[in-house]
Amino acid sequence: AQRDYGCRYTLGFYDREPKLDQVRRVSISVSRGGVRAVYPVNYVLRSDTEKLDSQARTAAMVPEMYEDGGMTAVAVPLRPVTPARWEVLIAVDVPDRVIVPETTEPYRLEGKVITPSGAVVRSFERESLPAEMPSLLESVTLKPGSYRASVVLSREGMSVPWATHADIELASVPTDEFFVAGPHLGEHAPYLPGDADASSAVTGPLWRFEPLIDGRVRRGEKVEALSSVCFARDDPGTSHTTVRHELVDATGTAVDSFEPVRIELDDSDKLRCRALIDVVSTSSLEAGRYVVRAFLNGELSGSEATFVVSD
């Protein structure tokens with residue numbers, strides 16, 4: 001090994017007229033017999049913009065390497081939209097410390113939904129100025145299965161992009177029985193004239209839902225519990241069912257129970273859903289962990305939503 005390395009040499013050179021992001025060819029000729037040169041045939045000097053774009057592409061596939069920015073994300077399986085697809089709401093919180101108010105360069109939020117094999121099944125992009133930077137809210141429809149949603153934030157002048165991700169697990173849509181999608185915690189609001197997302201609400205509810213991303217609220221803040229009662233495919237035999245929410249503390253003791261609501265379903269489609277939204281009052285709650293549960297016809301639906309109240 002010492003002998004082999006003793007006859008290896010490294011060649012270096014200077015580019016006196018560098019051209020950023022342009023591929024340039026290299027050719028090395030050796031006239032001495034028994035000597036061989038191994039070298040790349042091309043090289044390129046990357047600009048800061050191209051370096052950032054390259055890192056952003058990497059961050060989209062491996063977001064864990066760039067998760068120091070403080071962004072957080074959740075992926076909420078809001079409700080089924082067909083007997084074979086779910087509407088999934090991807091919400092990302094962009095903390096204030098990530099934003100540099102004095103910059104005039106726009107921020108770019110890029111998202112991808114990726115399968116375990118690495119295939120990109122959905123992608124989306126938003127661009128806005130720092131003063132207008134919103135939390136990202138994107139709705140996608142997906143088949144049952146496992147996915148990862150990755151979101152990357154970048155702008156010109158950043159040394160590295162920021163990234164975050166949320167894992168998505170979608171079960172098959174139950175058939176021939178009433179079922180509950182949810183509960184989900186957050187806040188709903190009606191679409192306003194001119195909203196970019198209003199067109200997507202034509203076939204769904206005329207309101208948008210903003211999920212509670214970090215699962216924490218301060219005492220007195222408004223929290224809503226959303227559940228969708230659905231029936232897929234064949235005639236259920238009856239067009240109504242009853243659903244209610246219940247709030248329990250960390251010990252499982254009920255601290256609030258909401259009135260049961262009779263849900264009426266129409267018969268115009270192979271998938272019928274109706275939403276139930278209850279306001280969870282936090283003003284009288286002690287600091288601690290709480291769980292919202294949904295009951296269908298008096299039976300626990302099997303899913304629940306957890307949040308933490310702080311002073």
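This is a predicted model: local features need pLDDT of at least 70, side-chain atom pairs count only at pLDDT 80 or more; totals for chains, interfaces and linings use all residues.
Leaving aside its neighbours within four places in sequence, with which residues is S228 in contact?

Is S228 buried or exposed? Its relative accessibility is 5%, and a residue counts as buried when this value is under 20%; S228 is therefore buried. Once neighbours within four places in sequence are set aside, the contacts of S228 are L78, R79, F179, V180, A181, R274 and A275.

Attention now turns to a sheet. Three strands form an open sheet in the order β3-β4-β7, and their pairing is antiparallel. Its edge strands, β3 (72–82) and β7 (136–142), each pair on one side only. On average, neighbouring strands of this sheet are turned by 20 degrees against each other, with direction ignored.

Within the sheet, the pairing of β3 with β4 (residues 85–93) can be followed in detail. These two strands are joined in the antiparallel sense over nine bridges.

How many residues lie between the strands in the hairpin of β14 and β15? There are four residues between these strands, and in this hairpin G252 takes a positive phi near 90 degrees.

Conventions
Residues are numbered from 1 along each chain as its sequence is written. Side-chain values use heavy atoms; hydrogens and water are left out. Two strands pair if DSSP finds at least two bridges between them. Axes are lines fitted to C-alpha atoms, for helices over the stretch in contact, and angles run from 0 to 180 degrees between N-to-C directions. Buried means under 20% relative accessible area, exposed over 50%, partly exposed in between (1.4 Å probe, protein chains only). Contact means heavy atoms within 4.5 Å.
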